[in-house]
Amino acid sequence: MAVERTLSIIKPDAVEKGAIGSILATFEAAGLRPLAIKMVRLTELQARGFYAVHKERPFFASLVQFMTSGPVVVSVLEGEAAIARHRELMGATDPTKAAPGTVRAQWATDIERNAVHGSDAPETARVEISYFFDATQIQGPVEALA
């Protein structure tokens, strides 16, 4: 297995619930090492840009509204098969279908207020990471970003 990087977002609902430390601890305990972390409040323009892939979907407006409703914690996580591992730890998008012990089973409210976001593929991870961080903000070798 290859060492990968993924973007992780702790969404406004989980931040509001005080779950930042618990969620990050879950990721770290599973071998995903944080290389960069920051709390931001997304503007509408930033949220629309980040989720542009969903702009034609019926939930786009409510997703943008939700993601701008409070601060989020964005991080770059690194580890063996980090993308798949992170997605496994997050659980199903719909928390009623998420496996027990996953982040969404524990912290998500519903399918829209689902606590966390994670990259779904290596190329997506590169694009998403660069949306929030430049190379100087990420610990580790710069060539790993390529």
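Mentor: Let's start at Ala 81, which is buried, with a relative accessible area of 18%. Keep in mind that this is a predicted model.

Trainee: Okay, and where is Ala 81 found?

Mentor: Look in the loop between β3 and α5. Its backbone is worth a glance too: Ala 81 has a positive phi of about 45°, although it is not a glycine.

Trainee: Which loop holds Ala 115, and what is its phi?

Mentor: Ala 115 sits in the loop between α6 (103-107) and β4. It is not a glycine either, and its phi is positive, about 75°. Ala 115 counts as buried, at 0% relative accessibility.

Trainee: Now helices. How do I read which way the residues of a helix point?

Mentor: An α-helix has 3.6 residues a turn, so residues three or four places apart point the same way.

Trainee: How should I describe two aromatic rings together?

Mentor: A pair of aromatic rings is described by the distance of the centres and the angle of the planes. This structure holds four aromatic pairs. Take Phe 50 and Phe 132: that pair is tilted, at 5.2 Å centre to centre with 50° between the planes. It ties together distant parts of the chain, since Phe 50 belongs to helix α3 and Phe 132 to helix α7, 82 residues apart. Both Phe 50 and Phe 132 are buried.

Trainee: Which residues do ring pairs link into a cluster?

Mentor: Phe 50, Tyr 51, Tyr 131 and Phe 132.

Trainee: Last topic, pockets. What's the idea?

Mentor: Rolling a probe the size of a water molecule over the atoms shows where empty space is left. Here the largest pocket has a volume of about 710 Å³. Its lining has 30 residues, and Lys 11, Tyr 51, His 54, Leu 63 and His 117 lie nearest the centre.

Trainee: Which elements each supply at least two residues of that lining?

Mentor: α3, α4 (60-67), α5, β4 and α7.

Conventions:
Residues numbered from 1 in each chain as written. Predicted model: local features only at pLDDT ≥ 70, side-chain atom pairs only at ≥ 80, totals over all residues. Heavy atoms only, no water. 1 Å grid on protein atoms, 1.4 Å probe; cavity = no way out; pocket = protein on both sides within 12 Å on 5 of 7 lines; lining within 4 Å. Points joined across faces, edges and corners; volume = space filled by probe spheres on them. Helix = DSSP H or I, 4+ residues; strand = E, 2+ residues; numbered from the N terminus. Phe/Tyr/Trp six-rings, centres within 6.5 Å; stacked < 30°, edge-to-face > 60°. Buried < 20%, exposed > 50% of the residue type's maximum accessible area, 1.4 Å probe, protein only.
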